[in-house]
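User: I'm new to this one and would like to learn how to read it. Could you show it to me and walk me through a few features?

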Amino acid sequence: MRSLASIVLGFEALVLALVTPVMISVADIRPAVAVPVCLGLAVLAVLSAGLLRNRTGYILGSAVQVGAVGLGFVVPVMFVLGLAFAAFWVAAIVLGRRIEEAKKAQQVGSAAPTTSTES
């Protein structure tokens with residue numbers, strides 16, 4: 001689960017960093033506002049990817065998703081990108097849990113003693 005979630009956050013950090021010039025040039029947001037908001041979210045995404053070993057990383061990652069969707073009020077295309085990354089985030093968590101459960105079941109199945117019925 002952690003590897004899928006970190007991939008999503010890594011790509012999202014890149015997209016959030018690239019939204020900075022879009023906010024400045026297209027949405028006419030002052031650089032003093034756009035740079036801390038976008039790059040702050042990008043840094044938060046990288047930080048949360050590093051903290052995915054515990055619950056804090058997932059909470060911060062979810063906050064990044066909310067922030068990315070919230071940027072849609074300034075740059076409307078971020079509604080689409082933010083929702084897409086939020087969907088990837090949820091999918092990474094759900095699929096990651098399923099993969100971990102399947103690995104545990106496989107380990108339990110392979111660790112079970114095999115009995116031979118020789119007659």
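User: Where in the protein is confidence lowest, and where is it highest?

Analyst: Confidence here is pLDDT, the predictor's score for each residue from 0 to 100. It is lowest in helix α4 (residues 77–111), with a mean of 91, and highest in helix α3 (residues 55–70), at 96. Helices are DSSP runs of H or I, at least four residues long, numbered from the N terminus. This is a predicted model, where local features need pLDDT of at least 70 and side-chain atom pairs 80 or more, while totals for chains, interfaces and linings use all residues. Residues are numbered from 1 along each chain as its sequence is written, and side-chain values use heavy atoms, leaving out hydrogens and water.

User: How many aromatic pairs does a search of the whole structure find?

Analyst: A pair of rings is described by the distance of the centres and the angle of the planes. Rings of Phe, Tyr and Trp (its six-membered ring) pair if their centres lie within 6.5 Å; planes under 30 degrees apart are stacked, over 60 edge-to-face, the rest tilted. The search finds 3 pairs. In one of them, Tyr58 and Trp89 have centres 6.1 Å apart and planes at 40°, so that pair is tilted. Tyr58 sits in helix α3 and Trp89 in helix α4, so the pair ties together parts 31 residues apart in sequence.

User: Are Tyr58 and Trp89 buried or exposed?

Analyst: Buried means under 20% relative accessible area, exposed over 50%, and partly exposed in between (1.4 Å probe, protein chains only). Both Tyr58 and Trp89 are buried.

Key
Helices (H or I, at least four residues) and strands (E, at least two) are DSSP runs, numbered from the N terminus.
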